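The report below describes the architecture of a single protein chain, moving from strand pairing to helix packing and the nonpolar core.

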Amino acid sequence: MSSAQDISGIVNQVTIDNKNVRKQFDALRTHLKEGEIVNGYVFGAYDSKILGEDTVRNGVLVATNNRLMLFGKKMLGGFELESIPYYK
């Protein structure tokens, strides 16, 4: 199963009415490795900086079979991604 199918499966299993969550998952899809499976996720907000000013962004914390990922899509393009592998 490819990564796109894996993440689509979890998105389809859970009813996501929030359009922001769907946008995060659509953008996150390209950052999964081949064969990586999404086991769960939490959508929320995190502290960030825009032009040196403190701000809050929406993002998703994703647990896969290989790592934890904190992913936030920026409004005007781009993204913030933190990846924490379970094993080194």
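Strands β3 and β4 run antiparallel and are joined by seven bridges, where helices (H or I, at least four residues) and strands (E, at least two) are DSSP runs numbered from the N terminus, and two strands pair if DSSP finds at least two bridges between them. Within this pairing, leucine 70 stands opposite glutamate 82 in β4, and methionine 69 stands opposite serine 83 in β4. The hairpin of β3 and β4 has five residues between the strands, and glycine 77 takes a positive phi near 105° there.

This is a predicted model, in which local features need pLDDT of at least 70 and side-chain atom pairs count only at pLDDT 80 or more, whereas totals for chains, interfaces and linings use all residues. Residues are numbered from 1 along each chain as its sequence is written, and side-chain values use heavy atoms, with hydrogens and water left out.

**The sheet**

The protein chain has two helices and four strands, which follow the pattern α-α-β-β-β-β when read along the sequence. An open sheet of four strands has the order β1-β2-β3-β4, with antiparallel pairing. Its edge strands are β1 and β4 (79–85), each of which pairs on one side only. On average, and with direction ignored, neighbouring strands of this sheet are turned by 20° against each other, the axes being lines fitted to C-alpha atoms, for helices over the stretch in contact, with angles that run from 0 to 180 degrees between N-to-C directions.

| Strand pair | Bridges | Sense |
|---|---|---|
| β1 (residues 38–50) and β2 (residues 53–64) | twelve bridges | antiparallel |
| β2 and β3 | four bridges | antiparallel |
| β3 and β4 | seven bridges | antiparallel |

β1 and β2 form a hairpin with two residues between them, and leucine 51 in the turn has a positive phi of about 50°. A hairpin with two residues between the strands is also formed by β2 and β3. Alanine 63 takes part in both pairings of β2: alanine 63 is the bridge partner of glycine 40, and in β3 the bridge partner of alanine 63 is leucine 68.

Which residues of helix α2 (residues 19–28) are buried? They are Val21, Gln24, Phe25 and Leu28, where buried means under 20% relative accessible area, exposed over 50%, and partly exposed in between (1.4 Å probe, protein chains only). These four residues lie on the same side of α2 because they cover an arc of only 95° around the axis, the arc being that of the directions from the helix axis to the C-beta atoms. Lysine 23 is also placed in helix α2, but lysine 23 counts as partly exposed because its relative accessibility is 42%. Lysine 23 and glycine 59 are 36 residues apart in sequence, while their C-alpha atoms are 9.9 Å apart in space.

The largest nonpolar core has nine residues in all, namely Val21, Phe25, Leu28, Leu32, Val38, Val60, Val62, Met69 and Phe71; such a core is a set of buried Ala, Val, Leu, Ile, Met, Phe, Trp, Tyr and Cys residues joined through side-chain atoms within 4.5 Å. At least two residues of this core come from each of α2, β2 and β3 (67–73), and α2 supplies the largest share, three residues. In soluble globular proteins, nonpolar side chains tend to be buried together. Leaving aside its neighbours within four places in sequence, valine 62 is in contact (heavy atoms within 4.5 Å) with Leu28, Val38, Gly40, Tyr41, Arg67, Leu68 and Met69.

**Proline 85 and the chain as a whole**

Proline 85 is found in strand β4 and is partly exposed, with a relative accessible area of 44%. With neighbours within four places in sequence left aside, proline 85 is in contact with Asn66 and Arg67. Proline 85 and asparagine 65 are 20 residues apart in sequence and 9.5 Å apart in space, C-alpha to C-alpha.

Of the 88 residues of the protein chain, 27% count as buried. Among contacts between residues at least 6 apart in sequence, 41% join residues at least 24 apart. The protein chain exposes about 5,900 Å², of which carbon and sulfur atoms supply 54%; the areas come from the Shrake-Rupley method with a 1.4 Å probe, and for residues only the protein chains shown count as cover.
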